[in-house]
Amino acid sequence: MRRKRKSNNNTFHPSKALSPLRYPGGKSWLIPNVEKWLTAIKATRRHRLVEPFAGGANVGLAMLARGKVGALTIVELDKRIAAFWKLVLRDPEWLIRAIRNFTPTRKNLAERLGRNARRFRELGFQTLLKNRTSRGGVIAPRAGILKHGERKRGPFSRWYPDTLIKRVKRISELEDKIKLVHGDGLRILRERKKRTNDVYFVDPPYSFSSNGAGRRLYSHYEVPHEDLIKAVKKLRGPFLMTYDNDAAIHALAKKHKLSTSKIQMRSSHHANKKELLISSDLSGIRRKRGHSARARRKSTH
Ligand SMILES: C[S@@+](CC[C@H](N)C(=O)[O-])C[C@H]1O[C@@H](n2cnc3c(N)ncnc32)[C@H](O)[C@@H]1O
């Protein structure tokens with residue numbers, strides 16, 4: 001007899017995502033854990049969640065929308081991603097019109113992506129277009145456009161104008177609570193170290209080893225990992241950091257006496273991969289062993 005799999009609140013369905021970007025290395029699968037963590041550390045609407053390596057910012061947006069925190073700061077170094085977020089926050093109407101008015105043909109795609117984007121609006125829209133039509137959502141310069149895609153939709157397999165518009169509208173409703181910084185996440189962490197009402201979700205690009213995925217996926221992938229670990233250690237507010245499960249990073253975390261835990265990734269492409277969590281306080285994330293087969297993970301505290 002087949003046993004029915006228990007439904008749990010530990011999974012996140014991509015259709016519930018708020019971010020219009022489909023981000024390589026995106027952490028929406030971790031949303032249920034971050035939510036539990038925020039509850040365990042007693043975060044409230046008085047707190048600001050800081051995401052110093054924002055990318056698609058799905059985690060921060062979800063936590064803000066669910067009222068787990070009262071404000072969100074997203075920091076991004078890549079000028080194209082930053083331009084996209086600036087556009088969503090400053091001129092959502094322009095973006096909505098651009099999405100609506102774009103007729104998805106290969107010719108239009110090539111023309112639009114080839115435009116000289118001197119202003120943030122055009123650059124922001126091109127970023128969204130490239131992200132939704134490229135292989136794996138990669139916007140780094142060498143990334144290729146989807147050839148075949150799904151359901152014979154070619155590069156437009158992931159171009160859903162109505163959904164994108166809905167997400168832009170939802171984010172713009174939260175706009176007064178969101179601060180965007182186009183700059184270096186490490187610098188922002190150092191600047192904010194004394195803040196007691198901050199909590200941090202830190203998801204840097206991973207490039208420690210020569211085959212680190214960050215190199216392929218992002219234009220900015222060089223992060224001084226030990227400096228970053230030192231900076232999070234100095235924060236007054238609690239932080240949750242996520243990394244590829246790599247021995248070198250693990251050793252660095254241990255060297256600086258931070259708690260670590262390995263967690264099963266829940267993205268469809270990485271069913272058997274683990275992610276390394278590093279934190280000042282892993283409350284709400286560590287669970288008793290043997291809780292359930294799917295949630296099984298090895299604690300490395
Ligand atoms: C792993 S991705 C973040 C993914 C994000 N958590 C999500 O769920 O979509 C890392 C991001 O950090 C950005 N980045 C790289 N170096 C940075 C820096 N020094 N400061 C701020 N952002 C940086 C990259 O451009 C990339 O968007």
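1. Helices and strands are named here as DSSP runs, numbered from the N terminus; a helix is a run of H or I with at least four residues, and a strand is a run of E with at least two. The model under discussion is predicted. In these terms, K257 is found in the loop between α11 and β6.

2. Phi of K257 is near 55 degrees, a positive value in a residue other than glycine. Most residues other than glycine have a negative phi. K257 has 7 other C-beta atoms within 10 Å, and therefore counts as exposed, the limit for that class being 12 or fewer.

3. K42 also has a positive phi, near 65 degrees, and is likewise a residue other than glycine. K42 lies in the loop between α1 (31–40) and β1 (48–51). It counts as exposed because 10 C-beta neighbours lie inside 10 Å.

4. The sheet is open and is formed by seven strands, with mixed pairing, in the order β3-β2-β1-β4-β5-β7-β6. The edges are taken by β3 (178–182) and β6 (259–264); each has a single partner strand, so one side of each is left without a neighbour in the sheet. From one strand to the next, the twist averages 20 degrees.

5. Within the sheet, strand β5 (residues 239–244) and strand β7 (residues 274–279) run antiparallel and are joined by five bridges. Y243 stands opposite L276 in β7. Helix α3 (residues 79–90) packs on the sheet, where it touches β2 and β3, and the direction of α3 makes about 150 degrees with that of β3.

6. The axes of helix α10 (residues 225–233) and helix α11 (residues 247–255) come within 10 Å and cross at roughly 35 degrees. This crossing of α10 and α11 is right-handed. On the α10 side the contact is made by H225, E226 and I229, and on the α11 side by I249, L252 and A253. By class, the residues of the contact of α10 with α11 are four nonpolar, one polar and one charged.

Notes. Residues are numbered from 1 along each chain as its sequence is written. This is a predicted model: local features need pLDDT of at least 70, side-chain atom pairs count only at pLDDT 80 or more; totals for chains, interfaces and linings use all residues. Axes are lines fitted to C-alpha atoms, for helices over the stretch in contact, and angles run from 0 to 180 degrees between N-to-C directions. A crossing is left-handed if the near helix is turned anticlockwise from the far one by less than a right angle, and right-handed if clockwise. Two residues are in contact if their C-beta atoms, placed from the backbone, lie within 7 Å. Ala, Val, Leu, Ile, Met, Phe, Trp, Tyr, Cys and Pro count as nonpolar, Asp, Glu, Lys and Arg as charged, and the others, Gly among them, as polar. Two strands pair if DSSP finds at least two bridges between them. A residue is buried if 20 or more other C-beta atoms lie within 10 Å of its own, exposed if 12 or fewer, and partly exposed in between; C-beta atoms are placed from the backbone.
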